[in-house]
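Here is a short report on side-chain contacts. Keep the structure in view while reading.

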Amino acid sequence: MNRGLLWTSYPIESHWTPSPSVPTALQYVVRHTNVPVPKVYSVYHCPDGLYIELEYIRGMDLQRAWLAGYLSPAQKKQMVSEIAGYIEQLRRLEPPRKEIVGSASLEGGLDYRVGFFPSGPFLTHEEFHCFLRKNIPIEDSTKAFSQEVSDCHSRFYRSCFAHADLCPRNIIIDNGRVAALIDWEFGSWYPKYWEYTKAHDVQLKMPDWYEGLESSLTRYDEELKAERTF
(Lines give C-alpha, C1' and ligand atoms only; values in the text may rest on other atoms or scores of the structure.)
Protein backbone atom coordinates (compact mmCIF):
# COMPACT_ATOMS: atom_id res chain seq x y z
CA MET A 1 0.00 0.00 0.00
CA ASN A 2 1.44 3.35 -1.00
CA ARG A 3 1.43 5.91 1.76
CA GLY A 4 2.16 9.61 1.97
CA LEU A 5 0.98 12.52 4.08
CA LEU A 6 -2.47 14.05 4.26
CA TRP A 7 -3.15 17.39 5.90
CA THR A 8 -6.61 17.69 7.41
CA SER A 9 -8.03 20.90 8.87
CA TYR A 10 -10.84 21.06 11.44
CA PRO A 11 -12.12 24.55 12.32
CA ILE A 12 -12.31 25.11 16.07
CA GLU A 13 -13.71 27.77 18.33
CA SER A 14 -11.60 29.32 21.07
CA HIS A 15 -13.84 27.87 23.80
CA TRP A 16 -13.96 24.30 22.53
CA THR A 17 -11.68 21.50 21.42
CA PRO A 18 -13.36 18.24 20.24
CA SER A 19 -13.23 15.50 22.87
CA PRO A 20 -12.30 12.89 22.08
CA SER A 21 -10.59 14.90 19.35
CA VAL A 22 -9.82 13.33 16.01
CA PRO A 23 -6.22 12.47 16.97
CA THR A 24 -7.26 11.27 20.43
CA ALA A 25 -9.95 9.03 18.95
CA LEU A 26 -7.55 7.61 16.37
CA GLN A 27 -4.84 6.94 18.95
CA TYR A 28 -7.35 5.34 21.31
CA VAL A 29 -8.62 3.01 18.58
CA VAL A 30 -5.06 2.04 17.60
CA ARG A 31 -4.13 1.20 21.20
CA HIS A 32 -7.18 -0.91 21.95
CA THR A 33 -8.30 -2.53 18.68
CA ASN A 34 -7.15 -3.91 15.36
CA VAL A 35 -9.37 -1.45 13.46
CA PRO A 36 -7.32 0.01 10.58
CA VAL A 37 -7.05 3.80 10.82
CA PRO A 38 -4.62 6.41 9.49
CA LYS A 39 -1.61 7.17 11.68
CA VAL A 40 -1.47 10.57 13.35
CA TYR A 41 1.93 12.17 12.75
CA SER A 42 1.44 15.66 14.17
CA VAL A 43 -1.29 17.91 15.57
CA TYR A 44 -1.15 21.70 15.34
CA HIS A 45 -3.48 24.07 17.18
CA CYS A 46 -3.56 27.26 15.15
CA PRO A 47 -5.71 30.40 15.45
CA ASP A 48 -7.76 29.39 12.42
CA GLY A 49 -8.27 25.75 13.27
CA LEU A 50 -6.94 22.37 14.25
CA TYR A 51 -4.52 20.88 11.71
CA ILE A 52 -3.72 17.19 11.73
CA GLU A 53 -0.93 15.54 9.78
CA LEU A 54 -2.26 12.09 8.92
CA GLU A 55 -1.01 9.04 7.09
CA TYR A 56 -2.35 8.96 3.54
CA ILE A 57 -4.10 5.69 2.77
CA ARG A 58 -4.14 4.91 -0.92
CA GLY A 59 -7.14 3.13 -2.30
CA MET A 60 -10.77 3.78 -3.23
CA ASP A 61 -13.70 4.62 -1.03
CA LEU A 62 -16.22 1.81 -0.68
CA GLN A 63 -19.14 3.86 -1.97
CA ARG A 64 -17.46 4.48 -5.31
CA ALA A 65 -16.28 0.89 -5.66
CA TRP A 66 -19.70 -0.48 -4.74
CA LEU A 67 -21.75 1.76 -7.03
CA ALA A 68 -19.32 1.50 -9.95
CA GLY A 69 -19.59 -2.29 -9.96
CA TYR A 70 -15.95 -2.94 -9.09
CA LEU A 71 -16.85 -5.50 -6.42
CA SER A 72 -18.20 -8.99 -6.88
CA PRO A 73 -21.00 -10.25 -4.59
CA ALA A 74 -18.39 -12.28 -2.69
CA GLN A 75 -16.18 -9.21 -2.23
CA LYS A 76 -19.14 -7.16 -1.01
CA LYS A 77 -19.94 -9.83 1.53
CA GLN A 78 -16.31 -9.86 2.66
CA MET A 79 -16.30 -6.07 3.08
CA VAL A 80 -19.44 -6.10 5.20
CA SER A 81 -18.06 -8.93 7.32
CA GLU A 82 -14.84 -6.98 7.97
CA ILE A 83 -16.74 -3.83 8.89
CA ALA A 84 -19.07 -5.74 11.21
CA GLY A 85 -16.03 -7.23 12.95
CA TYR A 86 -14.51 -3.79 13.48
CA ILE A 87 -17.78 -2.44 14.89
CA GLU A 88 -17.91 -5.33 17.35
CA GLN A 89 -14.36 -4.54 18.47
CA LEU A 90 -15.37 -0.95 19.16
CA ARG A 91 -18.48 -2.06 21.01
CA ARG A 92 -16.47 -4.29 23.33
CA LEU A 93 -14.40 -1.37 24.59
CA GLU A 94 -15.12 -0.20 28.12
CA PRO A 95 -15.41 3.53 28.89
CA PRO A 96 -12.25 4.63 30.71
CA ARG A 97 -14.21 5.97 33.68
CA LYS A 98 -16.12 3.07 35.17
CA GLU A 99 -18.33 5.24 37.31
CA ILE A 100 -20.06 6.75 34.30
CA VAL A 101 -20.81 3.65 32.27
CA GLY A 102 -24.13 4.49 30.69
CA SER A 103 -23.06 7.94 29.55
CA ALA A 104 -23.63 9.07 26.01
CA SER A 105 -20.45 11.07 25.73
CA LEU A 106 -17.69 11.22 28.32
CA GLU A 107 -16.66 14.80 27.73
CA GLY A 108 -19.04 16.09 25.11
CA GLY A 109 -18.45 16.07 21.41
CA LEU A 110 -19.71 16.81 17.95
CA ASP A 111 -22.17 14.81 15.87
CA TYR A 112 -24.20 16.48 13.14
CA ARG A 113 -27.09 14.14 13.91
CA VAL A 114 -27.32 15.90 17.29
CA GLY A 115 -26.47 19.41 16.09
CA PHE A 116 -23.89 21.54 14.32
CA PHE A 117 -22.26 22.64 17.55
CA PRO A 118 -20.58 20.58 20.30
CA SER A 119 -22.93 19.15 22.90
CA GLY A 120 -22.57 17.51 26.27
CA PRO A 121 -21.10 16.20 28.38
CA PHE A 122 -23.98 13.85 29.13
CA LEU A 123 -23.48 11.77 32.26
CA THR A 124 -26.48 9.50 31.67
CA HIS A 125 -28.42 8.19 28.71
CA GLU A 126 -31.51 9.83 30.17
CA GLU A 127 -29.79 13.21 29.91
CA PHE A 128 -28.62 12.50 26.37
CA HIS A 129 -32.05 11.32 25.21
CA CYS A 130 -33.74 14.29 26.87
CA PHE A 131 -31.40 16.53 24.86
CA LEU A 132 -32.41 14.72 21.66
CA ARG A 133 -36.07 15.32 22.54
CA LYS A 134 -35.40 19.06 23.01
CA ASN A 135 -36.15 18.59 26.72
CA ILE A 136 -39.66 17.28 26.15
CA PRO A 137 -40.44 15.01 29.17
CA ILE A 138 -40.41 11.27 28.51
CA GLU A 139 -44.08 11.01 29.55
CA ASP A 140 -44.99 13.39 26.71
CA SER A 141 -42.72 11.88 24.07
CA THR A 142 -45.25 9.47 22.56
CA LYS A 143 -47.60 12.34 21.78
CA ALA A 144 -44.81 14.63 20.63
CA PHE A 145 -42.87 12.04 18.63
CA SER A 146 -43.79 8.34 18.62
CA GLN A 147 -44.18 5.26 20.80
CA GLU A 148 -40.75 4.07 19.61
CA VAL A 149 -39.15 7.20 21.05
CA SER A 150 -40.84 6.65 24.41
CA ASP A 151 -39.86 2.99 24.50
CA CYS A 152 -36.23 3.43 23.39
CA HIS A 153 -35.56 6.46 25.56
CA SER A 154 -36.75 4.51 28.58
CA ARG A 155 -34.26 1.66 28.10
CA PHE A 156 -30.78 1.12 29.45
CA TYR A 157 -27.92 0.79 26.96
CA ARG A 158 -24.23 0.19 27.39
CA SER A 159 -22.03 3.06 26.34
CA CYS A 160 -19.92 1.96 23.38
CA PHE A 161 -17.22 3.69 21.41
CA ALA A 162 -18.55 4.48 17.95
CA HIS A 163 -17.14 5.92 14.76
CA ALA A 164 -20.61 7.49 14.40
CA ASP A 165 -20.27 8.23 10.68
CA LEU A 166 -19.56 4.80 9.27
CA CYS A 167 -20.87 5.33 5.78
CA PRO A 168 -19.22 3.78 2.69
CA ARG A 169 -17.48 7.02 1.71
CA ASN A 170 -15.49 6.81 4.98
CA ILE A 171 -14.25 3.29 4.28
CA ILE A 172 -11.13 3.00 2.12
CA ILE A 173 -10.50 -0.32 0.39
CA ASP A 174 -7.48 -1.65 -1.45
CA ASN A 175 -6.88 -5.01 -3.14
CA GLY A 176 -10.26 -6.31 -2.08
CA ARG A 177 -9.82 -5.58 1.65
CA VAL A 178 -10.63 -2.76 4.02
CA ALA A 179 -7.53 -0.54 4.19
CA ALA A 180 -8.78 2.07 6.69
CA LEU A 181 -11.75 3.70 8.33
CA ILE A 182 -11.36 7.46 8.02
CA ASP A 183 -13.03 10.69 9.23
CA TRP A 184 -13.29 10.12 12.99
CA GLU A 185 -14.57 13.63 13.73
CA PHE A 186 -17.68 12.23 15.46
CA GLY A 187 -15.89 9.36 17.23
CA SER A 188 -16.98 9.18 20.87
CA TRP A 189 -19.00 7.21 23.45
CA TYR A 190 -22.66 6.72 22.62
CA PRO A 191 -25.52 4.33 23.43
CA LYS A 192 -24.86 0.93 21.90
CA TYR A 193 -27.43 1.38 19.13
CA TRP A 194 -25.85 4.61 17.83
CA GLU A 195 -23.46 3.07 15.29
CA TYR A 196 -26.29 1.05 13.75
CA THR A 197 -28.75 3.92 13.47
CA LYS A 198 -26.11 6.38 12.25
CA ALA A 199 -25.08 3.93 9.53
CA HIS A 200 -28.61 4.37 8.14
CA ASP A 201 -28.59 8.15 8.50
CA VAL A 202 -27.84 8.84 4.84
CA GLN A 203 -29.76 6.54 2.52
CA LEU A 204 -27.72 5.61 -0.54
CA LYS A 205 -28.83 3.55 -3.52
CA MET A 206 -26.98 0.57 -2.06
CA PRO A 207 -29.70 -1.77 -0.75
CA ASP A 208 -27.31 -4.72 -0.57
CA TRP A 209 -25.00 -2.66 1.69
CA TYR A 210 -27.79 -2.08 4.20
CA GLU A 211 -28.99 -5.67 3.90
CA GLY A 212 -25.47 -6.84 4.63
CA LEU A 213 -25.17 -4.65 7.73
CA GLU A 214 -28.54 -5.77 9.01
CA SER A 215 -27.63 -9.43 8.64
CA SER A 216 -24.16 -9.03 10.19
CA LEU A 217 -24.80 -6.74 13.17
CA THR A 218 -27.06 -6.72 16.18
CA ARG A 219 -30.11 -4.94 14.85
CA TYR A 220 -31.74 -1.97 16.50
CA ASP A 221 -34.77 -1.57 14.30
CA GLU A 222 -37.00 0.06 16.91
CA GLU A 223 -34.22 2.51 17.74
CA LEU A 224 -33.87 3.21 14.01
CA LYS A 225 -37.61 3.97 13.80
CA ALA A 226 -37.24 6.28 16.78
CA GLU A 227 -34.31 8.08 15.17
CA ARG A 228 -36.23 8.47 11.92
CA THR A 229 -39.08 10.04 13.86
CA PHE A 230 -36.75 12.94 14.67
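## Salt bridges

Arg155, Glu222 and Glu223 are linked in a network of salt bridges. The model is a predicted one. Searching the whole structure turns up 10 salt bridges.

Arg177 pairs with Glu82, with their closest N and O atoms 2.7 Å apart. Arg177 is partly exposed, at 46% relative accessibility. Glu82 is buried, at 10%. Another salt bridge joins Arg219 and Asp221, at 3.1 Å from N to O. Arg219 is partly exposed, with a relative accessible area of 42%. Asp221 is also partly exposed, at 32% relative accessibility.

## Helix H3

Helix H3 covers residues 73-91, 19 residues in total. From its first C-alpha to its last it reaches 27 Å, close to the 27 Å expected. Buried residues in H3 include Met79, Val80, Ile83, Ile87 and Leu90. Charged residues Lys76, Glu82 and Arg91 are buried there too.

Arg91 forms a salt bridge with Glu88, and their closest N and O atoms are 3.2 Å apart. The two residues are 3 apart in helix H3, so about one helical turn separates them. Arg91 is buried, at 3% relative accessibility. Glu88 is partly exposed, at 25%.

## Aromatic pairs

The structure holds 14 aromatic pairs. One of them is Tyr28 with Trp189, an edge-to-face pair. Their ring centres are 5.9 Å apart, with 70° between the planes. Tyr28 lies in helix H1 (residues 22-32) and Trp189 in strand S8 (residues 188-191), so the pair ties together parts 161 residues apart in sequence. Tyr28 is buried, at 14% relative accessibility. Trp189 is buried as well, at 4%.

Phe161 and Trp184 form a stacked pair, 6.5 Å centre to centre and 25° between the planes. This pair links distant parts of the chain, 23 residues apart. Phe161 is in strand S5 (residues 159-162), and Trp184 is in the loop between strands S7 and S8. Phe161 is buried, at 2% relative accessibility. Trp184 is buried, at 1%.

One aromatic cluster is made up of Phe122, Phe128, Phe131, Tyr157, Tyr190, Tyr193 and Trp194.

## Cysteines

How many disulfides are there? The count is 0, with a cut-off of 2.5 Å between cysteine sulfur atoms. Cys152 is buried, at 2% relative accessibility. Cys160 is buried too, with a relative accessible area of 3%.

Technical notes. Residues numbered from 1 in each chain as written. Predicted model: local features only at pLDDT ≥ 70, side-chain atom pairs only at ≥ 80, totals over all residues. Heavy atoms only, no water. Phe/Tyr/Trp six-rings, centres within 6.5 Å; stacked < 30°, edge-to-face > 60°. Helix = DSSP H or I, 4+ residues; strand = E, 2+ residues; numbered from the N terminus. Buried < 20%, exposed > 50% of the residue type's maximum accessible area, 1.4 Å probe, protein only. Expected span 1.5 Å × (residues − 1). Salt bridge = Lys/Arg side-chain N within 4 Å of Asp/Glu carboxyl O.
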